[in-house]
Amino acid sequence: MPAWLLAWMWGTIAGGALVVGCGLAWKWKIPSKVVSSVMSFGAGVLISALAFGLVQEAVNGGGLWPTIGGFATGAVVYVAANALLARKGAKHRKRSGGKQPSEQQKPGSGTAIAIGALLDGIPESVVLGVGLVTAGAVSPAMLAAVFISNVPEGLSSTAGMKKAGRSAKYVFGVWVGIAVISGLAALVGFLVLQDAPAEVVAFITAVAAGAILAMLADTMIPEAFEEHHLLTGLIAAVGFLAAFTVDQVGG
């Protein structure tokens with residue numbers, strides 16, 4: 001199978017985990033502690049994948065300074081964009097406990113939430129495509145990390161959207177649209193960077209890594225802590241160790 005097609009396929013599959021979470025939350029009421037536990041585990045897995053996958057690969061491929069510059073850039077850009085969207089009504093887009101505003105309470109919040117969800121998902125998808133450039137294959141650890149984290153994201157956010165009175169058409173439209181764009185983001189990441197200098201690839205990889213870490217701290221971990229704070233740290237640590245073990249055994 002052509003590498004570009006693999007990039008699109010894995011990006012779409014990873015984004016499709018959001019749709020899976022959405023479908024589960026729309027049909028059934030998933031206990032909040034179950035959602036927060038999976039979210040905590042997914043956060044730990046993603047942190048491990050960042051530390052031992054993305055950042056290390058960026059340093060090895062393009063050097064320390066492009067990696068530092070890219071990581072800082074990704075974090076700053078994400079935080080700035082997230083702050084802007086929070087003022088528009090997307091602050092609690094991953095919350096399941098009724099904190100999301102309705103369109104009547106905050107006009108335009110539906111659009112802000114959709115853009116915020118897209119902002120959260122794009123960096124993860126881009127790195128899947130970049131992985132095909134740097135290693136010739138998508139990292140199983142990174143793919144698993146994105147998929148595992150996306151399911152509870154879809155679960156929690158959909159539960160919040162449902163409580164805010166948003167329609168099934170809107171909710172499923174958001175997640176299906178993001179799954180489609182995730183596939184395209186992975187494809188674009190592969191096509192744009194396949195002949196780029198190593199320093200540029202390292203910079204873009206680190207940009208995505210910085211954005212993902214900022215996303216975890218700003219959105220996923222607060223939701224997990226609020227719902228299940230006594231075990232959030234422990235479950236995240238288990239996720240980190242699980243992903244680290246897979247990476248070491250696979251390597």
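A nonpolar core is taken here as a set of buried Ala, Val, Leu, Ile, Met, Phe, Trp, Tyr and Cys residues joined through side-chain atoms within 4.5 Å. In this predicted model, the largest such core has 29 residues. Leu 46, Leu 54, Met 142, Ile 212, Met 215 and Leu 216 make the most contacts inside it. At least two residues of this core are supplied by each of α1 (3–27), α2, α4, α5 and α7. Helix α7 provides the largest share, nine residues. A further core lies apart from the largest one and has eight residues, including Cys 22, Ala 117, Met 161 and Trp 175.

Met 142 was examined for its neighbours. With residues up to four places away in sequence left out, Met 142 touches Leu 46, Ala 49, Leu 54, Val 127, Leu 128 and Ile 212. Of these partners, Leu 46, Leu 54 and Ile 212 are also listed among the core residues with the most contacts.

Met 220 is located in helix α7, which covers residues 198–228. Because its relative accessibility is 0%, Met 220 counts as buried; the cut-off for burial is under 20%. The C-alpha atoms of Met 220 and Ser 149 are 8.8 Å apart in space, although the two residues are separated by 71 residues in sequence.

α1 has 25 residues, and the distance from its first C-alpha to its last is 36 Å, close to the 36 Å expected at 1.5 Å a residue. Its buried residues are Ala 7, Gly 11, Ala 14, Gly 15, Gly 16, Ala 17, Leu 18, Gly 21, Cys 22 and Ala 25. For α5, 24 residues at 1.5 Å each should span 34 Å, and the 35 Å between its end C-alpha atoms therefore agrees. Helix α5 is mostly covered, with 17 of its 24 residues buried. After α5 comes Gly 165, which has a positive phi near 85°.

The largest pocket has a volume of about 380 Å³. Its lining consists of 25 residues, and Glu 57, Ser 139, Pro 140, Ala 141 and Asp 247 lie nearest the pocket centre. Two or more lining residues come from each of α2 (32–62), α4 (109–134), α5 (140–163) and α8 (232–250). The contribution of α2 is the greatest, at six residues. Sorted by class, the lining of this pocket contains 15 nonpolar, eight polar and two charged residues.

Key: Residues are numbered from 1 along each chain as its sequence is written. This is a predicted model: local features need pLDDT of at least 70, side-chain atom pairs count only at pLDDT 80 or more; totals for chains, interfaces and linings use all residues. Side-chain values use heavy atoms; hydrogens and water are left out. Helices (H or I, at least four residues) and strands (E, at least two) are DSSP runs, numbered from the N terminus. Buried means under 20% relative accessible area, exposed over 50%, partly exposed in between (1.4 Å probe, protein chains only). On a 1 Å grid over the protein atoms alone, a cavity is a set of points where a 1.4 Å probe fits but cannot get out, and a pocket is an open set with protein on both sides within 12 Å along at least five of seven lines; lining residues have an atom within 4 Å of a point. Grid points are joined across faces, edges and corners, and a volume is the space filled by probe spheres set on the points. Ala, Val, Leu, Ile, Met, Phe, Trp, Tyr, Cys and Pro count as nonpolar, Asp, Glu, Lys and Arg as charged, and the others, Gly among them, as polar. Contact means heavy atoms within 4.5 Å. The expected span of a helix is 1.5 Å times one less than its number of residues.
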